[in-house]
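Welcome! Please take a moment to look over the sequence and the model below, and then we will walk through some of its parts together.

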Amino acid sequence: MSDAKWNPEWERFIQIVRQEVKPALGCTEPVSLALASATAAAQLSGRIERVACFVSPNLLKNGMGVTVPGTGMVGLPIAAALGALGGDAAAGLEVLKAASPEAIADAKAMLAEGRVCVRLQDPCSEILYARACVYTANSHASVTIEGDHTRIVRIEKQGETVFQLCDQVDESREDPLVSLSQATLRDILAFIEQAPFERIRFILDAARINDALSREGLSREWGLHIGTTLQKQCDRGLLAKDLSSAIVIRTSAASDARMGGASLPAMSNSGSGNQGIAATLPVVVLAEFLSEGDERLARALMLSHLSAIYIHSQLPRLSALCAATTAAMGAAAGMTWLMDGRYDTLASAISSMIGDVSGMICDGASNSCAMKVSTSVSSAWKAVLMALDETAVTGKEGIVAHDVEQSIANLCALACRAMQETDRQIIDIMAHKA
């Protein structure tokens, strides 16, 4: 496989994976707001007095119920405060990685004194939008993020614009994701089978980072502690100690730790730590079971992550569709390749998943995300086993088509159009709970 001549088109795939698969500490919506706060604070000198933030409905939805790492507190206000007082503006999705105990204490005090507020931006046409306004005694700055978790479009100081992302410049720099619309799953499969191992070895970092998070999740009761709970039931004999259980337990445990506020990064996928976890750990567990070496693991992980990105690129960044499902479809592709290697088997597994978990909604980031992750990866393994037995949900059933590419298009059409009203209803329900 590694002797193949380098195909220049493969460079796009590597670019895409490097862009979309990267470490993130904490849930990426609160982290995005923390990054805006940290960047605004970096424009100022002197003691930070207060922080006022404005976010899109979808960012609010995904930030209401998640624990911010190191704080033991839930929600966007603590993320905004800690970003301003202890965030590293140059660290991207790991903006809170170096926050000190003193900064955490100061952020909690700022909240207790009512000096932090987070409100909905209205009107707001952006699905992902965060604006943080940070104030000292005699100066202020604001930073706006739009479209992507780290895409800063505007920085203002004392009401004057000091940075504005030029639309023409931004558009002239082609987004590698655009090229995915011209690719197919067959192209992705050919790439991972033929690309030189040394060019894709970097994806093994996903295995290392997410496995460490999983081990942390099993070390204590984080979040809903699904991983440790299921492990206890294995020990009691109520759940089999087998490969299926190991896939669910180890993947769930990583999500438990992430959503419960562990101070370890997740290797994310498409801007989500849970998506990165779902795309990584099932493949890692199966590769260990099969005693695969680094090269086979790297190729399977590259297939999983790139397939997950390929599907998610046809969706809005945030929507009513739980994207743990689409990330686990990537894992199904990676696991099928390890077991069988044929395109038709891989396609069958993805189609079966679309027929199984396509209706799972995203009702915001919270500890319960680990439940959705566990359900998604369980569905992935079930679909793999079905595909290996040459059975799958067929094109005569539901939204599944005879061709897997059309099945993916049908799923994404639901999320992009029909589920928009579902998303509005979910946000309305959650807003009235706040």
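Which residues in α1 meet which residues in α8? On the α1 side they are W10, F13 and I14, and on the α8 side D187, I188, A190, F191 and Q194. Please keep in mind that this is a predicted model.

**Helices α1 and α8**

- Helix α1 covers residues 10–20 and helix α8 covers residues 185–194; their axes come within 10 Å and cross at roughly 90 degrees.
- Angles from 65 to 115 degrees count as roughly perpendicular, and α1 and α8 are therefore roughly perpendicular to each other.
- Sorted by class, the residues of the contact between α1 and α8 are six nonpolar, one polar and one charged.

- Helix α10 runs over residues 204–219, which makes 16 residues. At 1.5 Å a residue it should span 22 Å, and this agrees with the 23 Å between its end C-alpha atoms.
- Buried residues of α10 are L204, A206, A207, I209, N210, D211, L213, S214 and G217.
- The axis of α10 comes within 7 Å of the axis of helix α12 (residues 243–259), and the two cross at roughly 85 degrees. That makes α10 roughly perpendicular to α12.
- From α10, the contact draws on N210, D211, L213, S214, R215, E216, G217 and L218. From α12, it draws on I249, R250, A253, A254, A257 and R258.
- This contact of α10 with α12 has six nonpolar, three polar and five charged residues.

**The six-stranded sheet**

- If you trace the open sheet from strand to strand, the order of its six strands is β5-β2-β6-β7-β8-β9, with mixed pairing.
- At the edges sit β5 (116–120) and β9, each of which pairs on one side only.
- On average, neighbouring strands of this sheet are turned by 15 degrees against each other, with direction ignored.
- Strand β2 (residues 50–55) pairs with strand β6 (residues 129–135) in the antiparallel sense, over six bridges. One place to look is F54, whose bridge partner in β6 is R131.
- Strand β8 (residues 152–157) and strand β9 (residues 160–164) run antiparallel and are joined by four bridges. Here, E156 has T161 in β9 as its bridge partner.
- β8 and β9 form a hairpin with two residues between them, and Q158 in the turn has a positive phi of about 55 degrees.
- Helix α2 (residues 28–41) lies across β2, β5, β6, β7 (140–146) and β8, and it runs at about 35 degrees to β6.

**Two residues to look up**

- Is E20 buried or exposed? E20 is found in helix α1, and its relative accessibility is 4%, so E20 counts as buried.
- Beyond its neighbours within four places in sequence, E20 is in contact with L177, S268, N269, S270, G271, I309 and R317.
- A89 lies in the loop between α4 (76–86) and α5 (101–112). With a relative accessible area of 31%, A89 is partly exposed.
- Where does A89 make contacts, leaving aside its neighbours within four places in sequence? A89 is in contact with L35, A38, T39 and A42.
- A89 and S37 are 52 residues apart along the chain, while their C-alpha atoms are separated by 8.4 Å.

Note on methods: Residues are numbered from 1 along each chain as its sequence is written. This is a predicted model: local features need pLDDT of at least 70, side-chain atom pairs count only at pLDDT 80 or more; totals for chains, interfaces and linings use all residues. Side-chain values use heavy atoms; hydrogens and water are left out. Axes are lines fitted to C-alpha atoms, for helices over the stretch in contact, and angles run from 0 to 180 degrees between N-to-C directions. Angles under 35 degrees count as roughly parallel, over 145 as roughly antiparallel, 65 to 115 as roughly perpendicular and the rest as oblique. Contact means heavy atoms within 4.5 Å. Ala, Val, Leu, Ile, Met, Phe, Trp, Tyr, Cys and Pro count as nonpolar, Asp, Glu, Lys and Arg as charged, and the others, Gly among them, as polar. The expected span of a helix is 1.5 Å times one less than its number of residues. Buried means under 20% relative accessible area, exposed over 50%, partly exposed in between (1.4 Å probe, protein chains only). Two strands pair if DSSP finds at least two bridges between them.
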